[in-house]
Amino acid sequence: GRAAPLCARATRWHMLPPGTIPVGVSAMAVYVPRLRVRLEDWCEWTGNDWSKVKYVVGRSFRMCSPHENLYTMAANAVVQLILQNDIDPQEIGFLGLGTESSTDNAAGAVIVLGMVNMALERMGMPRLPRSCEVPEFKHACLGGIYALKAACRMTTLDHRGRKAIVVCGDIAEYERGSSGEQTQGAGCCAMLVERDPDLFYVDLARAGSSSAYRGPDFRKHRAAAA
């Protein structure tokens with residue numbers, strides 16, 4: 001079932017401006033690949049200091065298996081979210097994907113929607129509706145935040161009372177021997193966005209971001225299509 005509210009309904013929204021509809025996250029689900037690299041072993045292979053790495057970075061990172069990619073991880077996270085929280089797929093009007101690791105230049109979250117619907121059909125459950133919006137938000141570090149804010153806006157303005165699902169994911173890979181190699185990994189997190197949320201609300205009036213242009217220092221270039 002869904003997590004219990006963090007505070008009583010009477011006091012939960014006391015920080016919101018008068019007349020604001022509380023919108024936010026009611027449930028979350030995480031998917032990570034099974035393949036795991038232990039950083040203690042990695043330090044032995046590379047000659048790095050394990051005593052430093054375990055405190056600065058952690059103890060391991062995950063890697064995709066040959067049959068996994070950003071889309072399969074995202075679909076797994078969304079299916080887990082639906083099953084673990086008894087979500088009616090027909091109530092979802094928005095499925096947003098926030099990432100910097102997508103590989104299709106024409107389609108975004110509709111790929112995830114297709115995989116999710118195939119899984120739901122196999123379990124005898126209703127599909128996500130054809131009217132469900134399926135945008136992708138591609139941006140380093142902030143793609144998931146942009147998707148969450150867009151989902152909150154949709155949920156606030158939707159007159160049919162529909163809910164939204166946001167799934168954030170990444171496959172971070174760094175060159176061997178680079179300073180970022182031990183920080184790489186893979187995984188996805190799916191969130192249910194709705195009015196009067198159970199976990200936390202998003203105050204869009206106070207939510208902002210900095211969009212300074214940093215030039216070519218943080219990009220993932222791809223070879224031109226043939």
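Trainee: Is aspartate 158 buried or exposed?

Mentor: Aspartate 158 counts as buried, because its relative accessibility is 7% and the cut-off for buried is under 20%. Keep in mind that this is a predicted model.

Trainee: And which residue does aspartate 158 meet in a salt bridge?

Mentor: Arginine 160, with 4.0 Å from N to O. Arginine 160 is itself exposed, at 53% relative accessible area.

Trainee: How many salt bridges does a search of the whole structure find?

Mentor: It finds 7. One of them joins glutamate 194 and lysine 163, at 3.2 Å from N to O. That pair links distant parts of the chain, since glutamate 194 sits in strand S7 (residues 185–195) and lysine 163 in strand S6 (residues 163–172), 31 residues apart.

Trainee: Are glutamate 194 and lysine 163 buried or exposed?

Mentor: Glutamate 194 is buried, with a relative accessible area of 8%. Lysine 163 is buried too, at 18%.

Trainee: What about glutamate 121, which residue is its salt bridge with?

Mentor: Arginine 127, and the closest N and O atoms are 2.7 Å apart. Glutamate 121 is partly exposed at 43% relative accessible area, and arginine 127 is partly exposed at 38%.

Trainee: Changing topic. How many disulfides does the structure hold?

Mentor: The structure holds 0.

Trainee: Let's back up to the overall layout. How many helices and strands does the protein have?

Mentor: There are 6 helices and 8 strands. Along the sequence they follow the pattern α-β-β-α-α-β-α-β-α-β-α-β-β-β. Of the 226 residues in the protein, 43% are buried.

Trainee: Where does H4 run, and what is its reach?

Mentor: H4 covers residues 70–84, which is 15 residues, and reaches 21 Å from its first C-alpha to its last. That is close to the 21 Å expected at 1.5 Å a residue.

Trainee: How many of the H4 residues are buried?

Mentor: 11 of its 15 residues, so the helix is mostly covered, taking buried as under 20% relative accessible area. Among them are Leu70, Tyr71, Met73, Val78, Val79, Leu81 and Ile82.

Trainee: What is the phi of aspartate 196?

Mentor: Near 50°, again a positive value in a residue other than glycine. Aspartate 196 lies in the loop between S7 and strand S8 (200–201). Aspartate 196 is partly exposed, with a relative accessible area of 23%.

Trainee: Back along S7, then. Is glycine 185 buried or exposed?

Mentor: Glycine 185, which is in strand S7, counts as buried at 18% relative accessibility. The C-alpha atoms of glycine 185 and methionine 63 are separated by 5.8 Å, although the two residues are 122 apart along the chain.

Trainee: Last topic, pockets. What volume does the second largest pocket have, and which residues line it?

Mentor: Its volume is about 170 Å³. The lining residues are Val37, Trp42, Trp45, Phe61, Met63, Glu173, Tyr174, Arg176, Glu181 and Gln184. Helix H2 (39–46) and strand S3 (60–63) are the elements that give two or more residues to that lining.

Trainee: What is the lining of the second largest pocket like by class?

Mentor: It has 6 nonpolar, 1 polar and 3 charged residues. Methionine 63, mentioned above with glycine 185, is one of the residues in that lining.

Conventions: Residues numbered from 1 in each chain as written. Predicted model: local features only at pLDDT ≥ 70, side-chain atom pairs only at ≥ 80, totals over all residues. Heavy atoms only, no water. 1 Å grid on protein atoms, 1.4 Å probe; cavity = no way out; pocket = protein on both sides within 12 Å on 5 of 7 lines; lining within 4 Å. Points joined across faces, edges and corners; volume = space filled by probe spheres on them. Helix = DSSP H or I, 4+ residues; strand = E, 2+ residues; numbered from the N terminus. Nonpolar A, V, L, I, M, F, W, Y, C, P; charged D, E, K, R; others polar. Disulfide = S-S within 2.5 Å. Salt bridge = Lys/Arg side-chain N within 4 Å of Asp/Glu carboxyl O. Buried < 20%, exposed > 50% of the residue type's maximum accessible area, 1.4 Å probe, protein only. Expected span 1.5 Å × (residues − 1).
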